Amino acid sequence: MARQKAQKAQKASSKTPNAGPALAQRQRAASEQEAGSRQERNGEAGEVAIPQFFNTTFSAHRVSPLYIGAQPLDQARLDRLAHRLRDTLVGDVVRGVQIGLEATDTPMGQVGPLKAVNFRWFRAADVLGDKISEDWGEPSEERMKGLWVEMQHENAAYVALLLPGFSHPPKGSGTSTASLWNMGLDNPGMGEADRSQFLHLPLLLLRMPQPLKAVIGEWLSTTFDCRVTKLNLGTRTLVGLLEGWIQETGLPRADSGLVLTLAFNAPLTDKGREAVLDLDGDPDGDDEGGGEAAEPGLRTMEISISASDLRRFLRAGKALQKSNQATASTVSSTASWEHDDRERRRLAGPHTDDGWGWLKSKERPAYPLMEALANHLNHHMALNLFHPSVRVTQVSCGGFVLSQSRIKIVKAGDVTEALSRAAWMFVTLLAERVQSGGMPLVT
């Protein structure tokens with residue numbers, strides 16, 4: 001009997017050492033699997049951490065410097081912020097009031113319940129390519145990082161991209177243009193400790209429904225003590241991006257042309273003339289038949305240029321510039337607004353990007369396509385494209401679609417060297433306009 005007990009004890013002791021390594025191996029495998037899923041969730045596993053930028057329509061916004069405090073914005077803190085944003089989106093509490101953002105009568109309710117909210121860092125070079133123009137220098141690694149916010153629903157995914165300011169000072173100048181939007185961050189009296197508590201990601205791109213944009217903007221403003229405002233890009237930025245895109249990538253492919261949308265800041269009909277033309281003879285315009293303010297006869301105009309004609313326009317524009325006939329051929333020297341900046345601003349409206357006033361600058365870049373188009377419209381339609389009341393509101397070509405507040409860059413295949421340079425030019429010029437202190441906004 002004692003011998004049988006000893007044998008059982010020996011068998012039990014022989015099984016125990018073998019069970020230990022097996023259990024440890026299973027635990028190690030489980031921990032590795034959990035670490036792998038966490039790594040993938042945090043955006044550190046290859047292509048998973050790269051947001052989709054091309055072939056996506058974004059609405060453009062600007063953001064003042066984000067106050068992050070003394071605590072670094074590492075992945076652990078980003079996970080906590082993602083949890084807080086998720087609580088807001090599912091309707092837990094917003095300023096102490098219970099809400100339901102996923103109701104069936106809202107656009108967000110049609111995409112299914114919210115599954116996850118992720119905050120990730122990403123490198124801009126992984127999204128735009130690494131072919132940065134030599135004229136822009138070599139930005140630091142810190143300035144190449146962007147913040148990616150992803151909200152995954154059952155049937156859709158919404159994203160917000162916070163991009164750093166890629167603008168660089170022009171050649172020959174030691175500093176970049178100061179901006180009131182930086183809230184004094186460029187002040188030499190501010191210490192490094194104070195500057196480190198702010199995160200400068202001025203360009204915000206959103207792809208989500210309008211109700212969700214309002215929630216995200218308010219959440220960012222409350223969480224980081226910043227201001228989020230919708231962009232209103234003007235003629236100068238739209239034209240500069242079009243001409244710069246052509247310089248970097250060439251003309252659009254043969255199956256796609258160019259479509260420009262023009263708008264007119266034409267004043268209303270003079271009230272004194274309305275009284276004269278009133279058929280009922282009522283100068284006050286109180287009757288039903290007359291006296292109403294006349295609306296402008298022309299609101300917008302679309303100009304379509306085929307790809308084959310674009311080449312001829314570009315050649316004609318370069319020839320005009322060489323012969324020093326550009327701009328002067330389409331702007332009358334007797335116009336009252338040509339030498340009166342105040343009158344030009346009145347005709348152009350409140351947007352500082354409109355009015356074509358920058359054409360008078362000797363340091364402006366060349367715009368051969370717009371010069372040729374202005375010459376063509378003036379000759380065939382008697383339309384002065386460079387009149388202060390005329391502005392460009394949308395540009396659409398084979399490479400991109402850009403309006404006053406929306407952008408989309410088209411990619412047919414892989415990111416080529418030319419497309420990468422053009423994408424960097426695109427984002428850089430947008431960031432420069434965002435950081436410009438005089439740029440109007442849409443609140």
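**Cores, rings and a buried helix**

Setting aside residues up to four places away in sequence, Phe53 touches Phe58, Val127, Leu128, Leu161, Leu205, Ile409 and Val427, where contact means heavy atoms within 4.5 Å. The model is a predicted one, so local features need pLDDT of at least 70 and side-chain atom pairs count only at pLDDT 80 or more, while totals for chains, interfaces and linings use all residues. Residues are numbered from 1 along each chain as its sequence is written, and side-chain values use heavy atoms, with hydrogens and water left out.

Phe53 is buried, with a relative accessible area of 4%; buried here means under 20% relative accessible area, exposed means over 50%, and partly exposed is in between, using a 1.4 Å probe and protein chains only. Phe53 also turns up in the largest nonpolar core, which has 65 residues; together with Trp356 and Leu385, Phe53 touches the most other members. A nonpolar core is a set of buried Ala, Val, Leu, Ile, Met, Phe, Trp, Tyr and Cys residues joined through side-chain atoms within 4.5 Å. The biggest contribution to this core, 9 residues, comes from helix H11 (residues 417-434). Helices (H or I, at least four residues) and strands (E, at least two) are DSSP runs, numbered from the N terminus. There is a second, separate core of 32 residues, with Leu78, Leu81, Ala160 and Leu204 among them. As background, nonpolar side chains tend to be buried together in soluble globular proteins.

Next come the aromatic rings. Rings of Phe, Tyr and Trp (its six-membered ring) pair if their centres lie within 6.5 Å; planes under 30 degrees apart count as stacked, over 60 as edge-to-face and the rest as tilted. The count by this rule is 10 aromatic pairs. In one of them, Phe53 and Phe54 have ring centres 5.4 Å apart and planes at 80°, so this pair is edge-to-face. Phe54 counts as buried, at 6% relative accessibility. Trp219 and Phe224 make another edge-to-face pair, because their planes are at 85°, with the ring centres 6.3 Å apart. Both Trp219 and Phe224 are buried.

The charged end of Arg120 sits over the ring of Trp148, 4.7 Å from its centre, and that of Lys145 sits over the ring of Trp121, 4.4 Å from its centre. The rule here asks for NZ of Lys or CZ of Arg within 6 Å of the ring centre and within 35 degrees of the ring normal.

Helix H6 (residues 235-249) holds Thr237. Of the 15 residues of H6, 11 are buried, so the helix is largely enclosed by the rest of the structure. Among them are Leu238, Val239, Glu243 and Trp245. Just after H6, Gly250 takes a positive phi of about 85°.

Thr237 itself counts as buried at 2% relative accessibility. Leaving aside neighbours within four places in sequence, Thr237 is in contact with Asp353, Leu429, Leu430 and Arg433. Thr237 and Gln404 are 167 residues apart in sequence and 9.2 Å apart in space, C-alpha to C-alpha.
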